[in-house]
Amino acid sequence: MVTLVATPARATSEDWYDCSGGQIATSSTTLHENWVAGKDKPCYTLANGVNLDLAGHTILCPPENAPCVAAVVATATGSAVMDGEIVGSFVTAIENPERVTKVLISGATTGVSGQNVKRIDDSIFLDCTDCIKVNLVTALSRIVNNFFRPATDSTGLGGTAVSARSSVTSGTGPQVERN
């Protein structure tokens, strides 16, 4: 059994930086502060397959900006997002990553979406309509060791934890396990 623990980033009002204009990362980036997303542009766009290490920090969509379009969008295969929090009413928290590891996603309509996903692991998804909505591209693709608590509507019906498809036509295929 795997136990996932997420603790909110501790921040004072001066620890938050505005990314409403969108940040474009052309090399792998490690955050050193918390970010507040705007409504119309992703907080971070990952070009050239680069990685974003949240380093325990948070990307937030505050109520006054909701819904925010996305926290992170990868524009090329190979990008990973890891080790932090994405909180608030994002349409999609992380779009088109190859890997997501140790990320708490809370309040997004879609937590992770993408066509070239290889691994989502050790993450927590809270109050999402579609927590994961992806295409698993190889027989080695994995969605493992995650915790899901999809949103519920007024009737008590919940969202979807994992909606995954695959184009793998031989072998054992991708795995969704220990979630």
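Rings of Phe, Tyr and Trp, the last taken as its six-membered ring, pair if their centres lie within 6.5 Å. The views below are of a predicted model.

**View 1. Ring pairs link Tyr17, Trp35 and Tyr44 into a cluster.** By the pairing rule, the model has a count of 3 aromatic pairs. One of these joins Trp35 and Tyr44, with 5.8 Å from centre to centre and 90° between the planes, an edge-to-face arrangement. Trp35 and Tyr44 are both buried.

**View 2. Phe125 and Phe148 form a stacked pair.** The ring centres are 5.2 Å apart and the planes meet at 20°; because planes under 30 degrees apart count as stacked, the pair falls in that class. Phe125 belongs to strand 14 (residues 124–126) and Phe148 to strand 17 (residues 147–149), so that the pair links distant parts of the chain, 23 residues apart. Phe125 has 0% relative accessibility and therefore counts as buried. Phe148, with a relative accessible area of 16%, is also buried, because the limit is under 20%.

**View 3. The largest nonpolar core comprises 37 residues.** Ile59, Val72, Ile86 and Ile94 have the most contacts inside this core. Among the elements giving two or more residues to the core are strand 5 (44–46), strand 7 (58–61), strand 8 (68–74), strand 9 (80–88) and strand 10 (90–95). Strand 11 (99–106), strand 12 (110–117) and strand 15 (130–136) likewise give two or more residues each.

**View 4. The surroundings of Val72.** With neighbours within four places in sequence left aside, Val72 is in contact with Tyr44, Leu46, Leu52, Ile59, Val81, Ile86, Ala93, Ile94 and Glu95.

Terms used. Residues numbered from 1 in each chain as written. Predicted model: local features only at pLDDT ≥ 70, side-chain atom pairs only at ≥ 80, totals over all residues. Heavy atoms only, no water. Phe/Tyr/Trp six-rings, centres within 6.5 Å; stacked < 30°, edge-to-face > 60°. Buried < 20%, exposed > 50% of the residue type's maximum accessible area, 1.4 Å probe, protein only. Helix = DSSP H or I, 4+ residues; strand = E, 2+ residues; numbered from the N terminus. Core = buried A, V, L, I, M, F, W, Y, C linked by side-chain atoms within 4.5 Å. Contact = heavy atoms within 4.5 Å.
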